[in-house]
Amino acid sequence: MQVVSVSKRISNHLIGPGVLSVGVVLVIALAGIYLRTASASTPPILVKMVDTPATFQPEQLTIRVGETVEWKNVGNSVHHASSDPSTAVNPAEASTPSGAKPFDSGFLQPGQSFTYTFTTPGTYKYICAPHETSGMLGEVVVK
């Protein structure tokens with residue numbers, strides 16, 4: 001009977017690059033998770049919905065594609081944010097760029113908020129349905 005033995009030096013030589021490759025893949029994967037977590041943790045840009053005068057503050061924003069806006073009702077009455085022309089008294093006061101879907105917060109009670117992430121560049125004009133005729137209009141320009 002013949003016994004065949006494998007040298008430790010050969011087996012370590014073959015295993016070493018495999019362990020190194022696994023380590024490199026692990027570091028790259030963890031870096032990717034960190035980058036996704038860091039971008040996901042960017043706080044939304046705040047737009048306050050106020051009562052007197054009925055306005056969005058700020059009324060106009062310029063942001064980048066992928067950024068999120070949060071509309072927060074800080075007043076005591078119901079507010080709304082919609083870029084859907086069918087919700088507006090004057091449809092020209094609400095619009096979205098070509099290829100984008102309109103956003104609509106629904107009616108927000110005091111203290112409630114609505115967030116929307118902008119994925120299409122262009123100009124979004126929006127209104128507060130209950131206060132549109134009082135001039136509660138806003139605009140987000142996405143670059």
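Ring pairs tie F56, W71, F103, F114, Y116, F118, Y124 and Y126 together into a cluster. Rings of Phe, Tyr and Trp (the six-membered ring for Trp) count as a pair if their centres lie within 6.5 Å; planes under 30 degrees apart are called stacked, over 60 edge-to-face, and the rest tilted. The model behind this is a predicted one, in which local features need pLDDT of at least 70 and side-chain atom pairs count only at pLDDT 80 or more, while totals for chains, interfaces and linings use all residues. Residues are numbered from 1 along each chain as its sequence is written, and side-chain values use heavy atoms, with hydrogens and water left out.

Searching the whole structure turns up 12 aromatic pairs. Take W71 and F118: their ring centres sit 6.4 Å apart with the planes at 55°, so this pair is tilted. It links distant parts of the chain, with W71 in strand β4 (residues 68-73) and F118 in the loop between β5 (113-117) and β6 (122-127), 47 residues apart. Strands here are DSSP runs of E with at least two residues, numbered from the N terminus. Both W71 and F118 are buried, where buried means under 20% relative accessible area, exposed over 50%, and partly exposed in between (1.4 Å probe, protein chains only).

Now for the sheets. Two strands are taken to pair if DSSP finds at least two bridges between them. On the antiparallel side, β1 pairs with β2 (residues 55-57) over 3 bridges, with M49 opposite F56 in β2. A hairpin of 4 residues takes β1 into β2. F56 also turns up among the residues of the aromatic cluster.

The other open sheet described here has 3 strands, ordered β3-β7-β6, and its pairing is mixed too. Here β3 (60-63) and β6 are the edge strands, each with a single partner, so each has one side left without a neighbour in the sheet. The average twist from one strand to the next is 15°. Strands β6 and β7 (residues 137-142) run antiparallel and are joined by 6 bridges, with G122 opposite V142 in β7.

Back in β4, N73 is worth a look. N73 is buried, at a relative accessible area of 1%. Its side chain reaches the backbone nitrogen of G75 at 2.9 Å. Setting aside neighbours within four places in sequence, N73 is in contact (heavy atoms within 4.5 Å) with M49, V78, H79, L108, Q109, P110, G111 and Q112.

As for charged pairs, the structure holds 1 salt bridge, that is, a side-chain nitrogen of Lys or Arg within 4 Å of a carboxyl oxygen of Asp or Glu. R64 and E67 form it, with their closest N and O atoms 3.4 Å apart. R64 is exposed, at a relative accessible area of 57%, whereas E67 is partly exposed, at 21%.

Terms used
Axes fitted to C-alpha atoms, helices over the stretch in contact; angles between N-to-C directions. Polar contact = N/O pair within 3.5 Å; in protein donor to acceptor, adjacent residues only side chain to side chain.
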